[in-house]
Amino acid sequence: MLVEALVFTFTMSMIARELHLAFRLPFWLTWLTTAAGEFVVMIVDAPLKL
């Protein structure tokens, strides 16, 4: 589950890139916030799946 959380956190770069292209949001800040949010959701949800 931890590996899955890290992979999904890393792939948030695609979402950040799309937001950067569509709305001219700063890439690194957008990636940081979306990745952090995804990581928290994945970590909180992991124990609930067990």
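Accessible areas here come from the Shrake-Rupley method with a 1.4 Å probe, and for residues only the protein chains shown count as cover. On that basis, the accessible surface of the chain comes to about 3,900 Å², with 78% of it belonging to carbon and sulfur atoms.

Please note that this is a predicted model, in which local features need pLDDT of at least 70, side-chain atom pairs count only at pLDDT 80 or more, and totals for chains, interfaces and linings use all residues. Residues are numbered from 1 along each chain as its sequence is written, and side-chain values use heavy atoms, with hydrogens and water left out.

The chain has three helices and zero strands, in the order α-α-α along the sequence; helices (H or I, at least four residues) and strands (E, at least two) are DSSP runs, numbered from the N terminus. Its C-alpha atoms fill a box of roughly 40 × 15 × 15 Å along the principal axes. Of the 50 residues, 16% are buried, meaning under 20% relative accessible area with a 1.4 Å probe, protein chains only.

I turn now to the helix packing. Helix α2 (residues 12-23) and helix α3 (residues 27-49) pack at about 140°, their axes 8 Å apart. Axes are lines fitted to C-alpha atoms over the stretch in contact, and angles run from 0 to 180 degrees between N-to-C directions.

Which residues of α2 meet α3? Among them are Met 12, Ala 16 and Leu 19, while Phe 27 and Trp 31 are included on the α3 side; contact means heavy atoms within 4.5 Å.
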